[in-house]
Amino acid sequence: MVGTLHLRSAPAVGESRLIRGTLIAIAVVFLSVFLLAPLAVVFAVALGQGVAAFFSTFSNPDTLSAIWLTLVAAAVAVPANLIFGIAAAWAIGKFQFVGKGILIALIDLPFSVSPVVAGLTYVLLFGAQGLLGPWLVAHNVHIIFAVPGIILATVFVTVPFVARELLPTMAAQGSEEEEAALTLGAGGWQTFLRVTLPNVKWALLYGVILCNARAMGEFGAVAVVSGHVAGLTNTMPLQIEILYNDYQFVPAFAVASLLALLALATLVVKSVIEWRIARRGARV
Amino acid sequence: MSIAIRQITKKFGRFTALDNVDLDIPHGRLVALLGPSGSGKTTLLRIIAGLELADSGSVHFDGQDFSDRTVAQRRVGFVFQHYALFRHMTVFENIAFGLRVRPRASRPPRSAIRAQVEELLDLIQLRTLAGRYPSQLSGGQRQRVALARALAVEPRVLLLDEPFGALDAKVRYELRRWLRQLHDDVGVTSVFVTHDQEEALEVADQVAILNGGRIEQVGAPDDVYNRPASSFVYNFLGNVNLFHGRIDNGTAYINQEATGQLVFVRPHSLEIGRQPSGANYFRATIKHISSAGPVVKVDASTGWGAPVHVEMSQARFRELELRTGEEIFITPNDLAVFADEQRAG
C-alpha cells in the first residue's frame with residue numbers, strides 16, 4: 001500500500017493557479033463541513049452549560065462504569081492483537097507455507113464484514129438460544145450481555161490493525177538480517193528481540209495506536225452483544241447513545257468530547273510516528 | 001577446517017538447484033564457487049552454512065557429519081550479498097553482536113568484547129567510524145563491516161556470497177586484493193561465491209565451476225584456465241572465439257561447411273598479420289577497432305562471414321598500423337577442440 005503511493009508521486013506540473021486554488025478550496029470546505037464543524041459542535045455543546053455541568057457528568061456512576069469498561073476492553077484487545085499481529089505478520093512476511101493467502105484474507109475479514117454482523121454471529125454462537133448457549137448456561141458462563149462478549153467483539157473488529165501495519169514492513173525487510181543473526185550464534189528468541197522487533201518498532205507502535213482508537217470507539221459489534229445493562233455492559237460509545245436518547249445533551253456530548261480528545265491525541269501520536277518513519281526511510 | 005560435500009541434491013519445486021554434487025575444500029584454502037546465475041552456487045554455500053537443508057547428501061566438517069547441525073552449531077561466518085547489517089545498530093554494535101548473544105557462561109566480559117571489536121575495527125581500517133550506522137557507510141565500508149562481524153565469532157569457516165557483487169569496479173578491485181591479503185593473515189578456510197571469472201581466477205587458491213546444478217571442474221586457477229575440462233568451462237573463463245570445425249588426421253579445419261567439432265580460440269591467441277604466415281591462417285576484414293585501454297580489441301569478419309575478436313598489445317597495434325576496412329590474415333596460435341554435443345552456453 002505504502003510503496004505504490006511513492007511510485008505515483010510524479011511532480012505535478014502545468015496546473016494553473018485557478019485550478020490549484022479551486023482544488024484546495026474544495027478540500028478545505030469538505031474538511032470543514034464534515035470534520036471540523038462536528039468536532040467544534042461536540043465541544044461547544046459539552047461545555048455549553050458551563051464547566052461545572054461538564055464535569056458533573058463524570059460523577060455519574062453509570063458513565064464512570066462505561067469509561068472503565070471501555071478501558072478494560074481496550075486493555076485486553078490491544079495486547080491480544082499485538083501478540084497475534086506480530087505472530088501473523090512474522091509468519092506471512094518471512095515464510096512460505098500452504099494457506100498463506102487464506103490467512104491474509106482472514107486477517108482482513110473484520111474490515112470487510114459489518115461489525116453488526118460480527119456481533120450477531122457471537123450472539124448466535126454464545127447467546128442463550130445459540131449454538132453453544134445451553135452448554136454455557138449449564139456451566140454458568142455468561143458471554144453475551146456480559147463483559148466477555150464486549151471484549152470478544154472488540155478483539156474481533158480490531159484484528160487487522162497490528163498485522164496490517166507490520167506486514168509490508170516485515171515483507172520489505174526480508175529475512176537476511178535474521179539469517180545473519182542466526183549465523184552469529186543468536187537463538188530464535190534473541191534474534192526476535194534484538195533484530196526483528198527493533199526493525200519494526202515504529203510500524204508496530206503505529207498499529208497499536210490505530211488498534212487502540214478503534215477498540216475504544218467501536219459501536220456496532222459491541223452494541224449487539226452488550227444488551228445495554230446500565231453500569232455493567234455499556235461502553236463509552238453506547239453510553240453516549242443512551243444519554244442522547246434520554247435528551248441528556250450535555251452529558252452525552254461531554255462523554256463524546258472524551259472520545260474526540262482520544263481521537264485528537266491518536267492523530268498527534270500517529271503524525272509523530274509517521275514523521276519518524278519517513279525520516280528513517282530517508283536515511284536508509 | 002576442511003569441508004567435504006557428498007552427493008548433495010536440492011530441488012526447489014520442480015527446479016533442480018543442485019544435482020548430486022561432490023566437493024572437497026581443504027583446510028585453510030580460499031575456494032571460489034564460480035558459475036552463471038542459476039547454477040546453484042549460492043544454494044551450495046547456504047547448505048554448507050545450514051541456512052538451507054539439502055534434500056539428500058551430507059556435509060562434513062573435518063570428517064564429521066554436520067548435516068543435521070543447526071546454523072549456530074556449525075559456527076560459520078557468513079557474509080551476505082547485500083551485507084545484511086543490522087540497520088538499527090552502529091558499526092561497533094554490529095561487530096559485537098555475535099559475542100554479546102553468547103550464553104552467559106561463554107560470553108566474554110564487556111572489556112574483552114570491546115578490545116576484540118576494536119582489534120577487528122583496526123583490521124578493517126574503520127576505527128573512526130565505529131559509531132556510524134550502516135546507512136551512513138559506503139558499499140565498500142559496509143562490506144568490510146560485514147566481514148568483521150562474521151570474523152568476530154571466530155568461525156571455523158568463512159562463507160561469502162557474491163562478496164563484491166554490489167560494488168563499483170574500482171572498489172571491487174581493491175577489496176578483492178584486500179580479501180586475499182586478509183585470508184593470508186587470518187588463515188581461516190574460506191569459500192566465496194561469484195559469477196565473475198576474473199575475480200575467481202585472481203583471488204582463489206582453487207576454483208569450482210558450476211553449471212546447471214553440477215560441478216564442471218575443480219582445480220587451481222591456472223589449471224582450469226589453461227586445461228579446461230569442458231567447452232562450458234572454456235567458454236565461461238574468458239572471452240572466446242567459437243568456430244565450427246572438423247578434425248582430419250589430427251588437423252583441425254575451420255570454415256563454414258565444417259561440423260562435428262567446436263573450436264575455441266582466446267582473442268589473445270590470434271595473431272594478425274599483413275601477410276599470410278605459415279600454413280594455418282584465414283582471411284578477415286576489420287570491422288571495428290577499440291584502442292582505448294591496455295589491450296587493443298579488433299572486431300573482424302572472416303571470409304565466410306563469422307565474427308572474430310582479436311586482442312593485442314598497444315605496441316603490436318602501432319607496429320601494424322591497422323585501419324578499419326582493411327583485409328588481414330589471422331593465425332591461431334592455440335586452440336581448444338571439443339565435440340559439438342550440445343550448444344555451448
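Before the first stop, you need one idea: on a 1 Å grid over the protein atoms alone, a cavity is a set of points where a 1.4 Å probe fits but cannot get out, and lining residues have an atom within 4 Å of a point. Also keep in mind that this is a predicted model, where local features need pLDDT of at least 70, side-chain atom pairs count only at pLDDT 80 or more, and totals for chains, interfaces and linings use all residues. Residues are numbered from 1 along each chain as its sequence is written, chains are lettered from A and ligands numbered from 1 in the order in which they are written, and side-chain values use heavy atoms, with hydrogens and water left out.

**Stop 1: a hidden hole**

Select Leu30(B), Leu151(B), Leu158(B), Leu160(B), Leu179(B), Leu182(B), His183(B), Val186(B), Val188(B) and Ser190(B): they line the largest cavity. Two elements each give two or more residues to that lining, namely strand 7 (157–161) and helix 6 (169–186) of chain B. (Helices, H or I with at least four residues, and strands, E with at least two, are DSSP runs numbered from the N terminus.) Helix 6 of chain B gives the most, with four residues.

How much space lies in the largest cavity? About 50 Å³, where a volume is the space filled by probe spheres set on the grid points, and points are joined across faces, edges and corners. The whole structure has four cavities of 30 Å³ or more.

Color the lining by class and you'll get eight nonpolar, two polar and no charged residues. Here Ala, Val, Leu, Ile, Met, Phe, Trp, Tyr, Cys and Pro count as nonpolar, Asp, Glu, Lys and Arg as charged, and the others, Gly among them, as polar.

**Stop 2: where the chains meet**

Now show both chains. The contact (heavy atoms within 4.5 Å) takes 23 residues from chain B and 19 residues from chain A. Together the two chains bury about 2,000 Å², 59% of it on carbon and sulfur atoms. Buried area is the accessible area (1.4 Å probe) that two parts lose on being put together, summed over both. Pick out Arg87(B), His88(B) and Val101(B): they supply 31% of the area that chain B buries against chain A, more than any other three residues.

Next, zoom in on Arg46(B) and Glu179(A), whose side chains meet in a salt bridge at 2.7 Å, N to O. The rule asks for a side-chain nitrogen of Lys or Arg within 4 Å of a carboxyl oxygen of Asp or Glu, and it finds two salt bridges across this interface. Which element of chain B gives the most to the side that touches chain A? Helix 3 of chain B, with three residues.

**Stop 3: chain A on its own**

Chain A has 13 helices and zero strands, and its C-alpha trace spans about 65 × 60 × 30 Å along its principal axes. Find Arg164(A) and Asp108(A), a salt bridge with the closest N and O atoms 2.8 Å apart. Arg164(A) lies in helix 8 (residues 147–173) and Asp108(A) in helix 5 (residues 100–112), so the pair ties together parts that are 56 residues apart in sequence. Over all chains, the count is 26 salt bridges.

**Stop 4**

Most residues other than glycine have a negative phi. Bring chain B back and check Gln7(B), in strand 1 (residues 3–12), where phi is near 50°, a positive value. Then select Tyr83(B), in the loop between strand 6 and helix 3 of chain B, with a positive phi near 70°.

Definitions and conventions. On a 1 Å grid over the protein atoms alone, a cavity is a set of points where a 1.4 Å probe fits but cannot get out, and a pocket is an open set with protein on both sides within 12 Å along at least five of seven lines; lining residues have an atom within 4 Å of a point.
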